[in-house]
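Student: I've just opened a new structure. Can you walk me through it?

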Amino acid sequence: MATASASGPVKDHPAAVTAVLSVVGYGLVIGTFLGVVPGSIFPDLSLEQVNRLSDAIAVVNTVATLSLIAGWRWIRRDEVTKHATAMASAFGLILVFLVLYLTKIGGGGTKEFVGPQLAYYAYLAMLAIHIILSIVSVPVVLYAIVLGVTHTPTELRDTAHARVGRIAAGAWILSLSLGVVAYLLLNHVYSWEFVEATVVVYGPS
């Protein structure tokens with residue numbers, strides 16, 4: 001991703017930068033759920049708008065997943081420029097997802113699954129894996145990104161970028177894929193009950 005080899009604080013301390021960015025990201029999400037982030041910054045959404053945001057989030061996550069898969073294939077073919085573009089695009093899409101998701105949660109609410117017990121348990125299992133991977137992959141993804149944008153392709157060979165990147169991409173792809181499947185089950189296969197933002201429950205969309 002990077003083209004210059006100049007040193008700098010971000011390049012010299014990628015782990016510290018990753019820690020700071022991770023704390024900021026976790027803080028935004030947790031703060032929104034706990035009501036620490038002022039609700040006034042979010043628009044007052046109708047149920048129809050919440051549904052449209054859910055659809056948009058699913059589309060964004062699907063495109064991000066495809067970008068990650070493409071980036072993975074390209075780096076295996078040693079097509080570094082295409083790989084960097086795909087991974088940067090995926091990261092940008094995840095930032096878009098974060099804005100849409102926090103807007104939906106803070107300004108509207110979430111939907112709880114309503115369906116047969118077996119399907120409900122399958123949904124919960126996928127949702128649990130999706131959430132856990134989403135949480136634990138944040139610092140791994142950020143570390144791979146920080147290394148990628150601060151080092152030249154030649155320099156990256158002497159870093160943990162390739163190893164960390166494989167872990168990050170794998171966790172990211174699985175998390176996003178399960179999130180999209182959970183969205184489909186919740187919104188298009190079975191039914192749901194709406195929970196307004198005053199009682200926030202974590203859900204895929």
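Tutor: We'll take a helix pair and then the salt bridges.

Student: What should I know before we start?

Tutor: This is a predicted model; local features need pLDDT of at least 70, side-chain atom pairs count only at pLDDT 80 or more, and totals for chains, interfaces and linings use all residues. Residues are numbered from 1 along each chain as its sequence is written, and side-chain values use heavy atoms, leaving out hydrogens and water.

Student: How are two packed helices described?

Tutor: By the angle between their axes and the distance between the axes.

Student: OK, where do H2 and H4 sit, and at what angle do they cross?

Tutor: H2 covers residues 14-34 and H4 covers residues 80-107. Their axes come within 9 Å and cross at roughly 15°. Axes here are lines fitted to C-alpha atoms over the stretch in contact, with angles from 0 to 180 degrees between N-to-C directions. Helices are DSSP runs (H or I, at least four residues), numbered from the N terminus.

Student: Parallel or perpendicular?

Tutor: H2 and H4 are roughly parallel to each other. That label is for angles under 35 degrees.

Student: Which residues meet?

Tutor: From H2, Leu28, Val29, Thr32 and Phe33. From H4, Leu98, Tyr101, Leu102, Ile105 and Gly106. Contact means heavy atoms within 4.5 Å.

Student: What classes are they?

Tutor: The contact of H2 with H4 has 7 nonpolar, 2 polar and no charged residues. Ala, Val, Leu, Ile, Met, Phe, Trp, Tyr, Cys and Pro count as nonpolar, Asp, Glu, Lys and Arg as charged, and the others, Gly among them, as polar.

Student: New topic. How many salt bridges are there?

Tutor: A search of the whole structure finds 3. Each is a side-chain nitrogen of Lys or Arg within 4 Å of a carboxyl oxygen of Asp or Glu.

Student: Which residue pairs with Glu155?

Tutor: Lys11, with the closest N and O atoms 3.0 Å apart. Glu155 is in helix H6 (residues 153-156) and Lys11 in helix H1 (residues 9-12), 144 residues apart.

Student: Is each one buried or exposed?

Tutor: Lys11 counts as buried because its relative accessibility is 13%. Glu155, at 21%, counts as partly exposed. Buried means under 20% relative accessible area, exposed over 50%, partly exposed in between (1.4 Å probe, protein chains only).

Student: And the others?

Tutor: Asp55 bridges to Arg52, with N and O 2.9 Å apart. Both lie in helix H3 (residues 47-76), 3 residues apart, about one turn of the helix. Lys82 and Glu79 meet at 3.1 Å, N to O.

Methods: Helices (H or I, at least four residues) and strands (E, at least two) are DSSP runs, numbered from the N terminus. Angles under 35 degrees count as roughly parallel, over 145 as roughly antiparallel, 65 to 115 as roughly perpendicular and the rest as oblique.
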